[in-house]
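The sequence and model come first.

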Amino acid sequence: MDRRLILAVAGSGKTTYLINHLNLERNCLIVTYTENNLIHIRKCVIRKFGYVPENITLLSYFQFLLRVCYRPFYKEKVRARGVSWNMPDPKTQKLNRNQLTFYITKNKYLHYNRIAKLCQFKAEYIRERIEKYYDCFMFDEVQDLGGHDFDLIRMIVPQNKDCLFVGDFFQHTFETSLDGNLHKGLYKDLNKYIKEWEITGIAVDTQTLSNSHRCSPTICQYVTENIGINIASYRVDTTNIYYIDNQADADALFSDRTKAKLFLQESNKYNCYGINWGASKGLDDFQDICIVLNASTLKVYLKGSLCDLVPSTRNKLYVACTRSKGNIYFIPHTFTDKYKQR
């Protein structure tokens, strides 16, 4: 059986690689974390087959968690009224993990970040269920798994079916289920992360998707040298990276609706074609982009030390930079603040 995790770089064709492994004979389950990527995968499947075949199941992570892992084993027993998306009271960390009160609120809503922990008690049966109904199990954006979810997925990896996981370690911008200090430092050390998967019996491949189709050599070199994340390009052309140093150019770019504006946060407060750095992950339809540098990022940018950003911000900036197929325009927030809705 082929049981692999492919660690890729941005724009290397992770989704295309998965889609190329699909056919009309094998029952395949594909899980991905973000809604953006689920939409993207669905479009790619339809592009290949003309429709979504019955033998291919596409689920977001929480759809998978609830439909495949939780409901078949706990729906009637727990009778939860829904899911609470609020963090549990820290005091509940003292509760026994065998008590149902650790997993649900007083009003019988499941704590979103503990559903996977509850399902771990049925991990063997969940794995058997996947092996029964599917010939292959695929997981895209696997780098966003954290907390109990990371443990659950490794526990239910089918033993006698093909498994193909893909992700970009440095595109870790979200975590599905933080709960206390569980796996808190998992994404600070690539080698440690690889070992965690290898212990599970998953082969880790760092070569197959190591070059980007999306990004030019110009952008890849910039990311490698300035952000400190290694990425190479299949392309041979040259694009440009600009730093905007005056209000007039910033205004012209801001009013140009053909160029997406990427903000660290609060993009919804600007009247433009805007999106947050982290939320842009999985999107592949940008040519030229404008990256707005907030106060703290601008400071390290001017010092030439972007690689010293805290890992979460550095990863989001990496995601933002690698959305571009063309040019990048870095714009200081001081030129865009006037457009922000208060």
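Which residue stands opposite F165 of β7? L5 stands opposite F165. F139 also stands opposite F165 in β7.

The model is predicted, with local features requiring pLDDT of at least 70 and side-chain atom pairs counted only at pLDDT 80 or more, while totals for chains, interfaces and linings use all residues. Residues are numbered from 1 along each chain as its sequence is written, and side-chain values use heavy atoms, with hydrogens and water left out.

**Domains**

The protein is divided into domain 1 (3–67 + 119–209) and domain 2 (215–339); these bounds come from an automatic or database domain assignment. The C-alpha centres of domain 1 and domain 2 are 28 Å apart. Across the boundary, 16 residues of domain 1 are in contact with 16 residues of domain 2, where contact means heavy atoms within 4.5 Å.

**The six-stranded sheet**

Helices (H or I, at least four residues) and strands (E, at least two) are DSSP runs numbered from the N terminus. Two strands pair if DSSP finds at least two bridges between them. An open sheet of 6 strands runs in the order β3-β2-β6-β7-β1-β8, and its pairing is parallel. Its edge strands, β3 (56–60) and β8 (203–205), each pair on one side only. Neighbouring strands in this sheet are turned by 15° against each other on average, direction ignored. Helix α2 (residues 35–49) packs on the sheet, touching β2 (28–32), β3 and β6, and its direction makes about 165° with that of β3. Axes are lines fitted to C-alpha atoms, for helices over the stretch in contact, and angles run from 0 to 180 degrees between N-to-C directions.

| Strand pair | Sense | Bridges |
|---|---|---|
| β1 and β8 | parallel | 3 bridges |
| β1 and β7 | parallel | 5 bridges |
| β6 and β7 | parallel | 4 bridges |
| β14 and β15 | parallel | 5 bridges |

Strand β7 (residues 162–167) is mostly covered, with 5 of its 6 residues buried. Buried means under 20% relative accessible area, exposed over 50%, and partly exposed in between (1.4 Å probe, protein chains only).

F137 is found in strand β6 (residues 136–140). F137 counts as buried because its relative accessibility is 1%. Residues up to four places away in sequence aside, F137 touches L29, V31, F64, I130, P158, D162, C163, L164 and F165. F137 and I30 are 107 residues apart in sequence, yet their C-alpha atoms are 6.3 Å apart in space.

**The five-stranded sheet**

A second open sheet has 5 strands in the order β11-β15-β14-β12-β13, again with parallel pairing. The edge strands β11 (241–243) and β13 (274–276) each pair on one side only. The twist from one strand to the next averages 25°. Helix α11 (residues 311–321) lies across β12 (260–263), β14 and β15, running at about 160° to β14.

Helix α9 (residues 247–255) has A250, L253 and F254 as its buried residues. Seen down the axis of α9, these fall within an arc of 100°, so they line one face of the helix; the arc is that of the directions from the helix axis to the C-beta atoms. The buried residues of α9 pack against β12, β14 and β15. On the face turned away from the buried side are the exposed residues A248 and S255. At the start of α9, a side-chain oxygen of N246 comes to within 3.3 Å of the backbone nitrogen of A248.

**Positive phi angles**

Most residues other than glycine have a negative phi. K108, not a glycine, has a positive phi of about 70°. K108 is placed in the loop between β4 (82–84) and β5 (109–111), and at 33% relative accessibility K108 counts as partly exposed. E141, also a residue other than glycine, has a positive phi near 60°. E141 lies in the loop between β6 and α6 (147–155), and counts as buried at 3% relative accessibility.

How values were computed: A polar contact is a pair of N or O atoms within 3.5 Å; within protein, one must be able to donate a hydrogen and the other to accept it, and residues adjacent in sequence count only if both atoms are side-chain atoms.
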